[in-house]
Amino acid sequence: MQRHFFLSCTIAALLPIAPVTTAEAQSVYPGLFSEKMKIQNQAECKSEAVPLSSVRLLPSRVRENMERDSAWMMSLDANRLVHSFQTTAGVWAGKEGGYMTVKKLGGWESLDCELRGHAVGHLMSALSLMYAATGEKCFKSKGDSIVAALKEVQEENGNGYLSAWPEGLIHRNMQGKGVWAPWYTLHKILAGLIDQYLYASNDDALTVATGMGDWAYNKLHALSDSTRRLMIRNEFGGFPEAMYNLYAITGNDEYKQVAKFFYHNDVIDPLKQRKEYFGTKHTNTFIPKVLAEARLYEISKDAGSRTASEFFYERMMKGHTFVTGCSSDKEHFLNPKDFTKHLSGYTGETCCTYNMLKLARHLFSWTADESFMEYYERALFNQILGQQDPQTGMVHYFQPMLSGAYKLYSTPENSFWCCVGSGFENHAKYGEMIYSRNTADKGIMVNLFIPSKLTLDGVSIRQETAFPNSSQTTIDVKAAKATTVYLRYPEWCKKASVKVNGKSVSVKQQPGSYIPVAVKGNAKIIADFPMSITAENANGDDSRVALLKGPIVLAGELGAVENPFSDPKKYNDYYTFDFQVPDGLPVSLDIDLKNPGKSLLPTANPMVFKTKTGVTVSPLYDIHHQRYVVYWQR
Ligand SMILES: [Zn+2]
């Protein structure tokens, strides 16, 4: 389908390894952006994130996704993106590129959609992430022009309000009337502005964000508790998390009060008592409420918030997460007892995984527990990497677990689903967790095997690997003073081997930990983490089994399909789309659970196999325009 956007943009050829920028601040995770925070992190943390701007991706399958994402982002004209904001506020946009000539965007950004503006928020975040991750000025310029236009819109409104739809939608929410999700949309815009301030040092973005925060406080602080409870029944995304971040940046207590307004008692109170009460609630409405608790724990050390975050994560891992790291069926929680019944065409909303990765990142900060990186790696490679169609750069919404279903991709300008919005960010921030720092000694933790360069505080690391096609990674370290490099020893590897400057080192650690390597001056570390084929059943049901090599989910290819969304009449039908799975597809496999590798025959490619009946089995992230099977019928 549409491939023209590559031609309209020179960015696909960009992403040279630009020099790392200065001590640019970084995020709202422990260890980052502290110079921009009035309220510092209070929680005790065993690991700290490293600035995205200190990491550069080297050529790889992962970086190719980032390049395609950047090309798509840059192909979207800023005038078209802000047009609905200007139109709603009555800002004169008749100047060059304004509404006299602007071509309207479609899908969830169209002028009659109550979520319009959300993708603009995600794009502000993604542009700032892409700028930090590459140092390329074009991403900053585009972000700057969007922020400038939104500032003008906010000034026209005069009360701090900023949205692409009228304030009446908020009033409908306050009256408990039907409306899609106004605070959800405002969250994306607020978070985008905060990211523009933090990652791209746009001071105007902070001014606009505080304007929004003041407006929210004025709107909400005098409301009764019954109105509050009525309002928060509606999906509000990460609005409280963003308000906690705005509070941390400014120290203005009113922003914390706004965040607390969105405390959802019915959802969070049971988690604090370690009670699972998910029912069939909407998964991606739920997870951001927990993220707000995680952030509250960090700025206040509130023990209940930590319990809620950790308990939620624990329950998600037990019975709510598919083998690829995704969750939800038709966007809702499922009953773990009926797990197999939920292997549908509408599993794995990608926004849920985007948010679970954020939660895993918080929990890893607090504990430095390797298990969070097991999840992170699995979800990153098996869902996020495979979310994007390598032919077109478009992304999927759901990741179907239904045998014989296939991935459905967005269009460049007529989808703008939520998962398109979070997708812009997903593929801009692969560099965020490859490395982190051990808080105690500031040693560098190597968490993920992705070709990349890290330059941070006198230490430089260059990691080269063909992972997962190779189990080996080579890490060149240059350290001005003595430092420790901590190599992740994945749970999925039975026996690691490590060489430093050509000499074998005895590995005393067990899988599921970190191997410390002391380095002074230059060192070449070669680590080998052999992978084997393992089987994972569908939450205890041995009749449905998925196969993995190391952390990589292998799926059976069941025949090529056209992408139906190339037909503009069908492009939003992802939610009820009929996959018309033909009878007789080879979805069953004789798997010996004690030795699952026996069911697959090797090929010349170490990640591609054949079944005895001739079905090609390969990494799910590389299966596109194909029917596939993840959970085989045994
Ligand atoms: Zn989504």
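Reply: The site of the zinc ion is tetrahedral, with angles of 93 to 119° among its four donor atoms; four donors count as tetrahedral if all angles lie between 85 and 135 degrees. For comparison, the ideal angle at a metal with four tetrahedral donors is 109.5 degrees. This is a predicted model, in which local features need pLDDT of at least 70 and side-chain atom pairs count only at pLDDT 80 or more, while totals for chains, interfaces and linings use all residues. Residues are numbered from 1 along each chain as its sequence is written, and side-chain values use heavy atoms, with hydrogens and water left out.

The zinc ion is coordinated at 2.2 to 2.3 Å by Glu349 through OE and by Cys351, Cys418 and Cys419 through SG, where donors are N, O and S atoms within 2.8 Å of the metal (3.2 Å for Na, K and Ca), and sites may look incomplete because water is not among the atoms. Along the chain, these donors follow the spacing E-x1-C-x66-C-C. Distant parts of the chain are linked here, since Cys351 belongs to helix 15 (residues 350-367) and Cys418 to helix 17 (residues 418-426), 67 residues apart; helices are DSSP runs (H or I) of at least four residues, numbered from the N terminus.

Cys351 is buried, with a relative accessible area of 3%, and Cys418 is buried too, at 4%, where buried means under 20% relative accessible area, exposed over 50% and partly exposed in between, with a 1.4 Å probe and protein chains only.

Conventions. Tetrahedral: all angles 85-135°; square planar, octahedral: opposite > 155°, others 65-115°. Helix = DSSP H or I, 4+ residues; strand = E, 2+ residues; numbered from the N terminus.
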